[in-house]
Amino acid sequence: MLIKQEGIILKTIDYGESNKIATVLTKNSGKLSVMAKGAKKPNSRYAAVMQPFVYGSFVYFKGSGLPTISQGEIILSFKQLHYDLFKAAHAAYITELIEKLTEERRPYVFLFDLLLLALKQIDTGQDPEIIARIVDLKMLTVAGAKPNLDGCASCKSVERDPIAFSISFAGFLCSGCVHRDERAYPVTLSMVKLIRTLFYVDLTKLGSISIKRETKERLHQIISSYYQEYVGVALKSQRFIDQLKKVDGNHFKLDEKKD
Ligand SMILES: [Zn+2]
């Protein structure tokens, strides 16, 4: 049976001498592995479309084994992601996270749009680190580890402003409850608002956000601890981002190629 699907490539692996297997997040059927015969050869008609972050349209044959691609066309290739290492590293982080936290052939209603919008936002100049943190927070729901961000995670009060974020309570703590977790991260009210905004934000409506480096690092620290406690995935792309940051405090760009 021939099936046509739009999807975004999460990763590809070489298979045999000339083939590639791509893991694709499809628009309608969740995550799927497909084989592209001959795609490793540079002159293959699949060579361009079988690349990470490509948003494409695929026709594949579905039989009893691994589906095999018979047509593939690029819809969007997010050019900037290929010329800017810092952007590419964060796009890789997002696709790796989504790949690790999803199961094949299970539909995830909002996930395709989340990935597409995240890649578009990075491609068009939004801070890649902020987009990665938005995806981190939104993926907690997929991972079954949604934090309680609306009131105090202990007494449930929404009257008192939170003053700390507790990993063990999976949410904020108010001044009356902060003593219950001595390892909770103290947070300012602006950090509380930031975490809520990034968790609930609609990426189609995201304006330009600028966050101080220390705030971004603090936010990343809190989210990483949360992931360690409840999700437990180690991402290769995070190690690469850490190395990039060591090389250059901001980030460095490859020379943009002119068409
Ligand atoms: Zn409380």
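This is a predicted model: local features need pLDDT of at least 70, side-chain atom pairs count only at pLDDT 80 or more; totals for chains, interfaces and linings use all residues.

Me: Which residues of α6 are buried?
Reply: The buried residues of α6 are Leu219, Tyr226 and Tyr227. Seen down the helix axis, the buried residues of α6 fall within an arc of 100°, so they line one face of the helix.

Me: What do they pack against, and which residues are exposed on the other side?
Reply: The buried residues of α6 pack against α4 and α5, while Arg213, Glu214, Gln221, Ser224, Gln228 and Glu229 are exposed on the other side of the helix.

Me: Changing topic, how is the chain divided into domains?
Reply: There is a domain 1, covering 2-76, and a domain 2, made up of 80-147 + 185-247. Taken over C-alpha atoms, the centres of domain 1 and domain 2 are separated by 25 Å.

Me: How many residues are in contact between the two?
Reply: On the domain 1 side 14 residues are in contact with 18 residues of domain 2. β1, β2 and β3 each supply at least two residues to the side of domain 1 that touches domain 2, and β3 gives the most, with 4 residues.

Me: What about the largest nonpolar core, which members touch the most others?
Reply: That core has 49 residues, and those that touch the most other members are Ile8, Val24, Ile94, Leu115, Leu119 and Val135. The elements giving two or more residues to this core include the strands β1, β2, β3 and β4 as well as the helices α2, α3, α4 and α5.

Me: Pick out Val135 for me, what is it in contact with?
Reply: Leaving aside its neighbours within four places in sequence, Val135 is in contact with Ile94, Leu97, Leu114 and Ala118. As for other cores, there is a second, separate one of 10 residues, which includes Ala164, Leu173, Cys177 and Ala184.

Me: Back to the strands, in which sense do β1 and β4 pair?
Reply: β1 and β4 pair in the antiparallel sense over 7 bridges, with Gly56 in β4 as the bridge partner of Gly7. β1 and β2 also run antiparallel, joined by 8 bridges, and there the bridge partner of Ile8 is Leu25 in β2.

Me: How many residues sit between the strands in the hairpin of β1 and β2?
Reply: There are 3 residues between the strands of that hairpin, in which Gly16 takes a positive phi near 70°.

Me: Last one, is Ala88 buried or exposed?
Reply: Ala88, which is found in helix α2, counts as buried because it has 22 C-beta neighbours inside 10 Å, and the cut-off for buried is 20 or more. Not counting residues up to four places away in sequence, Ala88 touches Leu81 and His82.

Me: And how far is Ala88 from Ile241?
Reply: C-alpha to C-alpha, Ala88 and Ile241 are 9.7 Å apart in space, while in sequence they are 153 residues apart.

Methods: Residues are numbered from 1 along each chain as its sequence is written. A nonpolar core is a set of buried Ala, Val, Leu, Ile, Met, Phe, Trp, Tyr and Cys residues joined through C-beta atoms within 7 Å. A residue is buried if 20 or more other C-beta atoms lie within 10 Å of its own, exposed if 12 or fewer, and partly exposed in between; C-beta atoms are placed from the backbone. Two residues are in contact if their C-beta atoms, placed from the backbone, lie within 7 Å. Two strands pair if DSSP finds at least two bridges between them. The arc is that of the directions from the helix axis to the C-beta atoms. Domain bounds come from an automatic or database domain assignment.
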